[in-house]
Amino acid sequence: RESDLGLFCSFRNLVKMLIFANIMCFLCSAFIPGSSREVRASAEVSAQMLKKLKGKNEFTVLATVKQDRLNSGVILSVHQSDHRFLELESSGQRSEVRLHYRTKNQKDHTEVFPYSLADDQWHKISVAVSASHVILHVDCNRIYERVVEAPSMDIPEDTSFWLGQRNAAHGFFKGVMQDVEVLVMPQGYISQCPDLNRTCPTCNDFHGLVQKIMELQDILAKTSSKLSRAEEKMNGLDGCYCERTCSVKGVIYREDEGWTDGCKNCTCTNGTVHCEAISCPPPQCPAGTAPAYIKGACCKECQPVCLFGGRELVEGDQRAVRDSSGRCLLFECRVSNKKEMRSLNLFFSVPPAGHDFCSEGHGCLEHSDCVNLEAGDCCVCKDGFRPLRDDNAYCDDIDECAEGKHYCRENTMCVNTPGSFMCICHTGYIRIDDYSCTEHDECLSGLHNCDENALCFNMVGGHSCSCKPGYTGNGTVCKGKTLKFTSSPSPFPNAQMFLSMCFNLEGGYDCRCPHGHNCTGDCIHDNKVKHSGQIWVLDNDRCSVCSCQAGQVMCRRMVCDCDNPNADLFCCPECDPRLSSQCLHQNGLLTYGSGDTWVENCQQCQCLQGQVDCWPLPCPPVDCEFTVVPEGECCPRCVTDPCQADTIRNDITKTCTDEHNISRFSGSSWIKHGTECTLCQCKRGNICQPLIWQCLTHLKRQV
């Protein structure tokens with residue numbers, strides 16, 4: 001959002017003005033005693049940022065960095081005194097990214113992500129927090145996704161925002177950083193990597209859902225008595241007979257109820273409508289009458305007739321003739337029963353060609369169209385329908401699929417539709433036209449799940465995968481084949497000296513001689529050939545030395561000799577005598593030499609060439625439901641009483657019942673009725689000792 005994106009606007013300007021001027025300059029003067037820098041937001045900017053962050057459950061820290069190799073420094077720090085409310089740190093010494101924050105119970109927490117940013121390369125880093133969900137992206141790749149103890153954003157007003165350092169003495173970032181942002185929005189990493197998926201709900205969405213469920217639970221508990229009374233009334237309905245009804249054109253019909261729909265008799269049977277065409281027996285008409293359709297009837301009825309040109313016409317029938325002058329005349333039969341007399345009367349002249357008789361009213365009903373003729377109109381069934389009576393006024397759908405009147409070809413299935421049909425392709429086939437389908441070649445189109453090191457074979461209705469030679473697997477996953485060396489009897493007496501060792505390579509193998517008169521004794525290391533006797537330093541660890549000895553790779557840690565003037569001070573920090581390589585303790589009273597270690601605030605700290613790097617002390621795993629960290633200790637211990645525990649594996653199925661008999665989820669809290677400062681908690685089915693809330697301090701001040 002624009003307002004949130006602007007949160008760091010002033011700080012970003014500060015970054016662009018000072019990060020190059022100070023951090024790059026700091027690199028130039030890194031080993032000059034007394035050098036310092038102080039890059040932090042102004043009081044006005046800090047106040048704006050605190051206002052945006054305070055109490056928020058979702059935010060993201062973004063930055064683009066190029067950190068010096070093996071440097072351990074802070075990217076962003078939000079702290080007050082010794083309390084770090086939010087800090088993002090990159091340790092090149094231990095190849096870690098650390099997120100420091102305070103939990104909702106105001107305890108310090110550090111989440112460690114093993115990853116190295118300090119490689120003198122540009123990286124885009126994003127740490128997104130959503131309630132108890134943390135996601136780390138590096139260069140738009142999701143590296144870690146964890147569920148942690150939710151951070152607290154209740155940050156005091158006098159908190160400082162630092163960039164590239166923790167304070168004026170510690171956590172100096174060496175390198176270049178730009179585009180540092182704090183976005184108060186869900187899935188903020190999208191602004192840095194817009195192509196990433198943004199459709200999934202965030203953890204905060206689920207927390208909100210749980211909160212809504214708790215609220216609904218309270219409402220449900222308060223209305224339980226009403227539901228109980230309603231249940232008693234509903235119990236009286238158990239003896240009632242329930243039937244399935246049918247809904248047709250907005251009318252509800254009961255079981256076995258019948259009705260007439262046009263010229264069809266329909267019945268509701270078990271909720272399904274069944275219709276049959278009305279059967280009309282031929283009427284026995286007396287003299288002077290003839291069978292004819294009348295409006296609103298499906299069967300012919302006896303009607304009086306008129307004689308015209310030797311043919312019988314019933315009332316309403318029309319005939320057109322031309323007189324001797326060529327004029328077209330229209331005659332209509334109108335029967336008069338007065339005095340038992342019938343007469344045929346001239347009605348009118350035929351209108352000009354193209355007259356719309358249908359607009360004057362017609363008897364064409366459902367699925368039938370009215371068509372104008374020269375001297376009147378008639379009914380014609382629509383395409384895909386057949387007449388239910390001979391004047392085409394009533395028509396019924398033709399099931400082309402059942403009667404075989406369709407054009408669906410092989411690999412298709414015919415589906416009837418009103419007035420027509422559809423040809424649906426079988427699974428694994430694709431459409432050619434409206435009536436035919438062909439096999440879908442997934443291999444040719446690339447729509448298959450075969451591994452890149454596998455062969456795809458098209459099959460009827462699907463495909464199969466087979467790993468290429470030199471690879472093993474099920475075809476969807478193929479890995480390089482590992483070939484084991486086996487010896488066999490040889491006709492040569494000295495064959496043992498010619499035996500070679502097989503080394504697995506990606507997609508194949510290679511043979512090397514381990515030792516012997518006719519072998520070189522070379523070694524394979526990281527898929528590279530190392531000659532016998534060759535010594536080299538590991539690419540990813542400059543303090544480890546390896547050598548090739550008779551076909552075997554031997555590695556060890558570099559031995560430190562402080563009397564050697566060419567000793568690598570990084571690998572041997574204890575040999576560094578320079579004052580600039582000393583470190584100041586966090587309290588500012590003690591000084592440590594390079595290589596020294598100490599423990600401070602449950603963290604293991606080390607001084608390396610003037611830089612202090614600290615990481616959480618390792619704690620032994622505890623496998624119990626309730627844990628607590630005793631005062632003065634760093635690691636959790638198991639306890640049996642859930643009310644004494646700091647951390648609990650909450651089970652939502654274990655609820656508590658409060659003073660109003662309302663069920664509460666495990667992990668929920670509520671203010672006790674009739675009090676203002678008593679906060680109760682439900683911990684795995686136990687209502688714990690009421691906690692004295694912070695408002696007591698406010699009440700004391702009022703007194």
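Does Asn-411 count as buried, partly exposed or exposed, and at what relative accessibility? In this predicted model, Asn-411 counts as partly exposed, because its relative accessibility is 25% and that class covers the range between under 20% and over 50%.

## Residues with positive phi

Asn-411 is placed in the loop that joins helix 6 (400-403) to strand 26 (412-417). Its phi is positive, at about 70 degrees, although the residue is not a glycine. Most residues other than glycine have a negative phi.

A positive phi is also found at Asp-139, where the value is near 55 degrees. Asp-139 belongs to the loop between strand 7 (133-138) and strand 8 (141-147). With a relative accessible area of 31%, Asp-139 is partly exposed.

## Aromatic pairs

Across the whole structure, six aromatic pairs are found. One of them joins Tyr-407 and Tyr-435, whose ring centres are 5.7 Å apart; the planes stand at 80 degrees, so this pair is edge-to-face. Tyr-407 is in the loop between helix 6 and strand 26, while Tyr-435 is in the loop between strand 28 (429-431) and strand 29 (437-439), so the contact ties together parts 28 residues apart in sequence. Tyr-407 counts as exposed, at 56% relative accessibility, whereas Tyr-435, at 37%, counts as partly exposed. Another aromatic pair, Tyr-592 with Trp-598, is stacked, with 3.9 Å from centre to centre and 5 degrees between the planes. Both of its members, Tyr-592 and Trp-598, are buried.

Tyr-407 and Tyr-435 also belong, together with Phe-421, to one aromatic cluster.

## Charges over rings

Arg-94 lies over the face of Trp-615, at 4.1 Å from the ring centre. Over the ring of Trp-536 sits the charged end of Lys-530, 4.9 Å from the centre of that ring.

## The second largest pocket

The second largest pocket has a volume of about 1,200 Å³. Its lining consists of 39 residues, and those nearest the centre are Tyr-293, Gly-316, Asp-317, Gly-363 and Asp-377. By class, the lining holds 20 nonpolar, eight polar and eleven charged residues.

Several strands each supply at least two residues of this lining, among them strand 16 (289-292), strand 17 (301-308) and strand 18 (311-314). Strand 19 (318-322), strand 20 (328-332) and strand 23 (377-381) likewise each contribute at least two lining residues.

Technical notes: Residues are numbered from 1 along each chain as its sequence is written. This is a predicted model: local features need pLDDT of at least 70, side-chain atom pairs count only at pLDDT 80 or more; totals for chains, interfaces and linings use all residues. Side-chain values use heavy atoms; hydrogens and water are left out. On a 1 Å grid over the protein atoms alone, a cavity is a set of points where a 1.4 Å probe fits but cannot get out, and a pocket is an open set with protein on both sides within 12 Å along at least five of seven lines; lining residues have an atom within 4 Å of a point. Grid points are joined across faces, edges and corners, and a volume is the space filled by probe spheres set on the points. Helices (H or I, at least four residues) and strands (E, at least two) are DSSP runs, numbered from the N terminus. Ala, Val, Leu, Ile, Met, Phe, Trp, Tyr, Cys and Pro count as nonpolar, Asp, Glu, Lys and Arg as charged, and the others, Gly among them, as polar. Buried means under 20% relative accessible area, exposed over 50%, partly exposed in between (1.4 Å probe, protein chains only). Rings of Phe, Tyr and Trp (its six-membered ring) pair if their centres lie within 6.5 Å; planes under 30 degrees apart count as stacked, over 60 as edge-to-face and the rest as tilted. A charge sits over a ring if NZ of Lys or CZ of Arg is within 6 Å of the ring centre and within 35 degrees of the ring normal.
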